[in-house]
Amino acid sequence: MSSFPQRIFSGVQPTGNLHLGNYLGAIKRFVALQADFPCIYCVVDMHAITIPQDPKELRRQIREVTAAFLAVGIDPVKNIVFNQSQVHEHAELAWVLNCVARIGWLNRMTQFKEKAGKDRENASVGLYVYPNLMAADILVYRATHVPVGEDQKQHLELTRDVAQKFNNDFAESIAACGFGEAFFPLTEPLIAGPATRVMSLRDGSKKMSKSDASDYSRINLTDDADTIAQKFRKAKTDPEPLPGEAAGLEGRPEAENLVAIYAALVDGTVEDVLRDHGGAQFSAFKGALVDVAVSKLGPIAGEMRRLMADPGHIDAVLADGSRRASAIAHETMNAVKDIVGFVRS
Ligand code: AQP
């Protein structure tokens, strides 16, 4: 699969307040990758409507996620920054992939089970086929690598299965159309760093999430310094001081979470943090964590506010990115139509 030129793709849903998990697990890492690879970063608004959205709020959130991309330092000229619904090939390829993926594969997706909950019969069909649209998002750019948090690992595995099945099912046609042995790459997830799964501040067994009813469960990227301080001070912990080594965090999910957050914020490791703070009580460690979080997140929140005051600029970034994304997606989709056997005039 090494014959595919390296290309990064990742997406973020405009479904609510972006939080520290989205930042440390994904967006912060987008910035680092842009130095070495061509990157495509997408606001996946079509995924957002798999659950009901208020149209006015959705528009605001699409611009807010774009503002977050820009505020953390993603360069929209060097990279492509756009919103999914402006490039119709995502939906077109998703349909082809709906016909390649098997129902049994989708039935195994844990995110659908969690999000649909007990009322499965009443969930949208879109929520069920969400992983096929995600596969299309990635494969329409024939992306080789996708930086994501741990929670997206299963969807990335499905993307690889769909790509492999497409390559196998259409092997003869792929060769006849001049694409050699495989048309789609087997995309690799990039899940790295100390904070690939940031947990809720209220419950160390639950992922930090936009949809958690309690705002105290997460740090939002737009929170001010006082709110960040208040949320970390109220974060659940245990009565023991911090251990000196990582092994001492075993069975202490809340402590492990706060140490991992600190490590990711300072670009260090869990071991570094425990070397400096091992033996500290949580009251002292939380104070240090607040200082680091405020110094890193404060400027991002300020820049997001500045950018949100000029929606015209954000829309121009999305329009330019969409034009450039469309050019790549159009080429892929034409090839897919030829491979599948559609007539193009
Ligand atoms: N808690 C997390 N820790 C690390 N990474 C995370 N990501 C999400 N939560 C965490 C990563 O952020 C990227 C964007 O996620 P998304 O917005 O597309 O969807 P999501 O995973 O559904 O995010 P939420 O916040 O958990 O939303 P809800 O509450 O709607 O389910 C992805 O790379 C994701 O891995």
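Val 77 is exposed, at 68% relative accessibility, where exposed means over 50% relative accessible area, buried under 20% and partly exposed in between, with a 1.4 Å probe and protein chains only. Val 77 belongs to the loop between helix 3 (55-72) and strand 3 (80-83); helices (H or I, at least four residues) and strands (E, at least two) are DSSP runs numbered from the N terminus. Val 77 and Lys 236 are 159 residues apart along the chain, and their C-alpha atoms are separated by 42 Å.

The model is predicted: local features need pLDDT of at least 70, side-chain atom pairs count only at pLDDT 80 or more, and totals for chains, interfaces and linings use all residues. Residues are numbered from 1 along each chain as its sequence is written, and side-chain values use heavy atoms, with hydrogens and water left out.

Ala 116 is part of helix 6 (residues 110-116). With 10% relative accessibility, Ala 116 counts as buried. The C-alpha atom of Ala 116 is separated by 7.9 Å from that of Leu 127, and the two residues are 11 residues apart along the chain.

The next topic is backbone angles. Most residues other than glycine have a negative phi. Arg 142 has a phi near 45°, a positive value in a residue other than glycine. This residue is found in the loop between helix 7 (125-139) and strand 4 (145-147), and Arg 142 counts as partly exposed at 24% relative accessibility. Asp 267 also has a positive phi, near 55°, and is a residue other than glycine. The loop that holds Asp 267 runs between helix 11 (253-265) and helix 12 (270-277). Asp 267 is exposed, with a relative accessible area of 61%.

The cysteines come next. The structure holds 0 disulfides, a disulfide being a pair of cysteine sulfur atoms within 2.5 Å. Cys 39 is in no disulfide, and the nearest cysteine sulfur, that of Cys 42, is 13 Å away. Cys 39 is buried, with a relative accessible area of 3%, and Cys 42 counts as buried at 0% relative accessibility.

The ligand sits in the largest pocket. On a 1 Å grid over the protein atoms alone, a pocket is an open set of points with protein on both sides within 12 Å along at least five of seven lines, and a molecule sits in a pocket if more than half of its atoms lie within 2 Å of its grid points. The ligand is surrounded by 21 residues, and the closest are Asp 151, Lys 207, Ser 209, Lys 210 and Ser 211; a residue is near a molecule if one of its heavy atoms lies within 4 Å of it. Helix 1 (residues 20-33) supplies the largest share of this shell, 4 residues.

Which ligand atom is 2.9 Å from a polar backbone atom of Met 208? It is a nitrogen atom of the ligand. An oxygen atom of the ligand lies 2.5 Å from a polar side-chain atom of Asp 151, and a polar side-chain atom of Ser 209 lies 2.4 Å from an oxygen atom of the ligand. On its own the ligand has 650 Å² of accessible area, and the protein covers 96% of this; accessible areas come from the Shrake-Rupley method with a 1.4 Å probe.

Terms used:
A polar contact is a pair of N or O atoms within 3.5 Å; within protein, one must be able to donate a hydrogen and the other to accept it, and residues adjacent in sequence count only if both atoms are side-chain atoms. On a 1 Å grid over the protein atoms alone, a cavity is a set of points where a 1.4 Å probe fits but cannot get out, and a pocket is an open set with protein on both sides within 12 Å along at least five of seven lines; lining residues have an atom within 4 Å of a point.
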